[in-house]
Amino acid sequence: MTEGTTSAAAAEGADTLTRLEQEGEIAADYLEGLLDIADLDGDIDMDVEADRASVSIISDVAGRDLYKLVGRDGEVLEALQELTRLAVHRETGDRSRLMLDIAGYRAKKRTELSELGAKAAADARNSGEPVKLDPMTPFERKVVHDAVKAAGLRSESEGEEPQRFVVVLPN
């Protein structure tokens, strides 16, 4: 790499970081308004992870109020994430890949799914047979695919939404 391409890459990285931080700020404003309307207490935490804005709603209050925003199996969380992405799109004109977490639900789910992916990879390796998992959301499939890859195996998604599922393939 020449000095010019190095500085151009650094500038592009800074532009991307600035854009993602802007997405996080727009999302935080939108979600703060939502919390006010719903009369729920929560703090907004923003970050940038894996080239996407990440926003979390957390609460110091011991209680289940924020879990109302998670819903059964994260259904409300998924809907709020899409609404938040639309709010960002409305402001920026760009499609957002923003990730929303509420009350640590998604972080806990990520840990569980990583364990599931590692176990499915071990099962596929030991049996020599493909392992089919239950249908999952795109977020859930991505976490499982990453865990299988980390275990040194390959996986693919099959089926049509909402019944799309992961198949872990033996070597």
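**A close look at the sheet**

Mentor: Start with strand 1 and strand 2, which pair in the antiparallel sense over seven bridges. Strands here are DSSP runs of E with at least two residues, and helices are runs of H or I with at least four; both are numbered from the N terminus. Two strands count as paired if DSSP finds at least two bridges between them.

A word on the source. This is a predicted model, in which local features need pLDDT of at least 70 and side-chain atom pairs count only at pLDDT 80 or more, while totals for chains, interfaces and linings use all residues. Residues are numbered from 1 along each chain as its sequence is written, and side-chain values use heavy atoms, with hydrogens and water left out.

Back to the pairing. I44 faces I57 of strand 2. On to the next pair. Strand 2 spans residues 52–58 and joins strand 3 in the parallel sense, over four bridges. Here S56 sits opposite D101 of strand 3.

The three strands make an open sheet in the order 1-2-3, and its pairing is mixed. Strand 1 (43–49) and strand 3 are at the edges with a single partner strand each, so one side of each has no neighbour in the sheet. From one strand to the next, the twist averages 20°. Angles run from 0 to 180 degrees between N-to-C directions, and axes are lines fitted to C-alpha atoms, for helices over the stretch in contact.

Now look at strand 3 itself, residues 99–102. Both of its faces are covered. M99 and D101 are buried on one side, and L100 and I102 are buried on the other. Buried means under 20% relative accessible area, with a 1.4 Å probe and protein chains only.

Then find helix 2, residues 75–92. Helix 2 lies across strand 2 and strand 3, and runs at about 135° to strand 3.

Step back to the whole chain. The protein chain has four helices and six strands. Along the sequence they follow the pattern α-β-β-α-β-α-β-α-β-β. Of its 171 residues, 32% count as buried. The C-alpha atoms fill a box of roughly 55 × 50 × 30 Å along the principal axes. Take the contacts (heavy atoms within 4.5 Å) with a separation of 6 or more: 56% of them join residues 24 or more positions apart.

Terms used
Buried < 20%, exposed > 50% of the residue type's maximum accessible area, 1.4 Å probe, protein only.
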